[in-house]
Amino acid sequence: FFFQAEDGIRDAQESRGLGDVYKRQGINAEYMGTLGKILGFWKLKYDVAFNGQQAIDKVLEYQNKCSQCFYRVIFMDCNMPILDGFEAMQIIKRYIDEERIPHCKVLACTALSQKNDIKRCYSVGADGVLHKPVDRKALKQQLAKIFPFKRF
């Protein structure tokens, strides 16, 4: 699920956030709906991808759209088909390090709650972890760290 955040985040430049979820057997439908509703409530725009490869493709496609276009935040579901979120986060962070894409924050979204799972999120480059189902308060706290001048 791709999330775009504009709304004065970058003067006259289009910036977005990117999040990722895969809708399987209705499990993540609630997650997508809740996250989308929250982002919409805060007037943040978002894009959607249904697997890790689509997430990477969208990041590159959006960056190639114009030199001022980039995602500010990526919400990455850790468990997706084709390319899981762990692998996708590593690739996106590598692209940032290689300066193929501008710096952005990556928030891992996961139902996994074991210490090792959380540690793995950070080890592949996550800047934060949101537990599913996504809680408005936790999301607000993470976004406030990324956009300290914006009220949520």
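Biologist: Leaving aside its neighbours within four places in sequence, which residues is Cys 121 in contact with?
Modeller: Cys 121 is in contact with Cys 78, Phe 86, Ala 108, Thr 110, Ala 126 and Val 129, where contact means heavy atoms within 4.5 Å. This is a predicted model, in which local features need pLDDT of at least 70 and side-chain atom pairs count only at pLDDT 80 or more, while totals for chains, interfaces and linings use all residues. Residues are numbered from 1 along each chain as its sequence is written, and side-chain values use heavy atoms, with hydrogens and water left out.

Biologist: Thanks! And which residues have the most contacts inside the largest nonpolar core?
Modeller: Cys 121 is one of them, along with Ile 56, Ile 74, Met 76, Met 89, Ile 92 and Ala 108, in a core of 28 residues. A nonpolar core is a set of buried Ala, Val, Leu, Ile, Met, Phe, Trp, Tyr and Cys residues joined through side-chain atoms within 4.5 Å. Buried means under 20% relative accessible area, exposed over 50%, and partly exposed in between, using a 1.4 Å probe and protein chains only.

Biologist: Which helices and strands each supply at least two residues of this core?
Modeller: Helices H2, H3 (85-97) and H4 (115-123) do, and so do strands S3 (70-77) and S4 (105-110). H3 gives the most, with seven residues. Helices (H or I, at least four residues) and strands (E, at least two) are DSSP runs, numbered from the N terminus.

Biologist: What about the second, separate core, which residues does that one include?
Modeller: That core has 15 residues, and Leu 44, Phe 75, Leu 139 and Ile 146 are among them.

Biologist: Back to H3. What covers its buried residues?
Modeller: The cover includes H2, S3, S4 and H4. The buried residues of H3 are Gly 85, Phe 86, Ala 88, Met 89, Ile 91, Ile 92, Lys 93, Tyr 95 and Ile 96.

Biologist: And what happens at the start of H3?
Modeller: A side-chain oxygen of Asp 84 reaches to within 3.0 Å of the backbone nitrogen of Phe 86 there. After H3 comes Glu 99, which has a positive phi, near 60 degrees.

Biologist: Switching to H2: which of its residues are buried?
Modeller: Gly 52, Ala 55, Ile 56, Val 59, Tyr 62 and Gln 63 are the buried ones. Seen down the axis of H2, they fall within an arc of 135 degrees, so they line one face of the helix. The arc is that of the directions from the helix axis to the C-beta atoms.

Biologist: Why would residues three or four places apart point the same way?
Modeller: An α-helix has 3.6 residues a turn, so residues with that spacing point the same way.

Biologist: OK, and which residues are exposed on the other side of H2?
Modeller: Those are Glu 61, Asn 64 and Lys 65.

Biologist: Now the strands. How many bridges join S3 to S4?
Modeller: Five bridges join them, and the two strands run parallel. Two strands pair if DSSP finds at least two bridges between them. Ile 74, for instance, has Val 106 in S4 as its bridge partner. S3 is mostly covered, with eight of its eight residues buried.

How values were computed: A polar contact is a pair of N or O atoms within 3.5 Å; within protein, one must be able to donate a hydrogen and the other to accept it, and residues adjacent in sequence count only if both atoms are side-chain atoms.
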